[in-house]
Amino acid sequence: MRTIAKKEGVEYTTIDRLLSESDIISLHCPLTEETYHIINEENLGKCRKGVVLLNTSRGALIDTEALIEGIKNGKVFDENFLMTIATIGALVVGEYPEAV
């Protein structure tokens, strides 16, 4: 597996480095004892301000209470990101009003 990763230019790293250096974090992992609430208050504290989280896996990977607090204090999805999403939404609605 690591040979393929190296060949493709993929670098393995620690979770602490991933959290502290990433602007976007996308979760693609099973729900296990080790991954339950992998995104929690402690790990959100290690993230950059305005980090974007995408969870394509199980909901319990993220501690909902910690995520809500992170959104409220701007740690997750800061105002620039939210304005971008609102603008994209307005453009889509303007272009496809029948979708509303």
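Reader: Is E21 buried, partly exposed or exposed?

Author: E21 counts as partly exposed because its relative accessibility is 44%, where buried means under 20% relative accessible area, exposed over 50%, and partly exposed in between, using a 1.4 Å probe and protein chains only. This is a predicted model, in which local features need pLDDT of at least 70 and side-chain atom pairs count only at pLDDT 80 or more, while totals for chains, interfaces and linings use all residues. Residues are numbered from 1 along each chain as its sequence is written, and side-chain values use heavy atoms, leaving out hydrogens and water.

Reader: Which side chain does E21 meet in a salt bridge?

Author: The side chain of E21 meets that of R17 at 3.2 Å, N to O, a salt bridge being a side-chain nitrogen of Lys or Arg within 4 Å of a carboxyl oxygen of Asp or Glu. Both residues lie in helix α2, 4 residues apart, which is about one turn of the helix; helices (H or I, at least four residues) and strands (E, at least two) are DSSP runs numbered from the N terminus.

Reader: And which residues are joined with them into one network?

Author: Salt bridges with shared partners join E11, R17 and E21 into one network. R17 and E11 meet at 2.7 Å, N to O, and E11 is exposed because its relative accessible area is 56%, whereas R17, at 35%, is partly exposed.

Reader: How many salt bridges are there in the whole structure?

Author: A search finds 5, and one of them is between the side chains of K46 and D16, at 2.8 Å, N to O. That pair links distant parts of the chain, with K46 in helix α3 (residues 41-46) and D16 in helix α2 (residues 15-21), 30 residues apart.

Reader: Switching topic, what pattern does the chain follow along the sequence?

Author: The pattern is α-α-β-α-β-α-α, which comes to 5 helices and 2 strands.

Reader: Which residues touch the most other members in the largest nonpolar core?

Author: Of its 15 residues, these are I25, L27, I39, L44, C47, L53 and V76, a nonpolar core being a set of buried Ala, Val, Leu, Ile, Met, Phe, Trp, Tyr and Cys residues joined through side-chain atoms within 4.5 Å. At least two residues of this core come from each of β1 (24-27), β2 (52-55) and α4 (64-72).

Reader: What does V76 touch?

Author: Leaving aside residues up to four places away in sequence, V76 touches L44, G50, V51, L53, L67, G70 and I71, where contact means heavy atoms within 4.5 Å.
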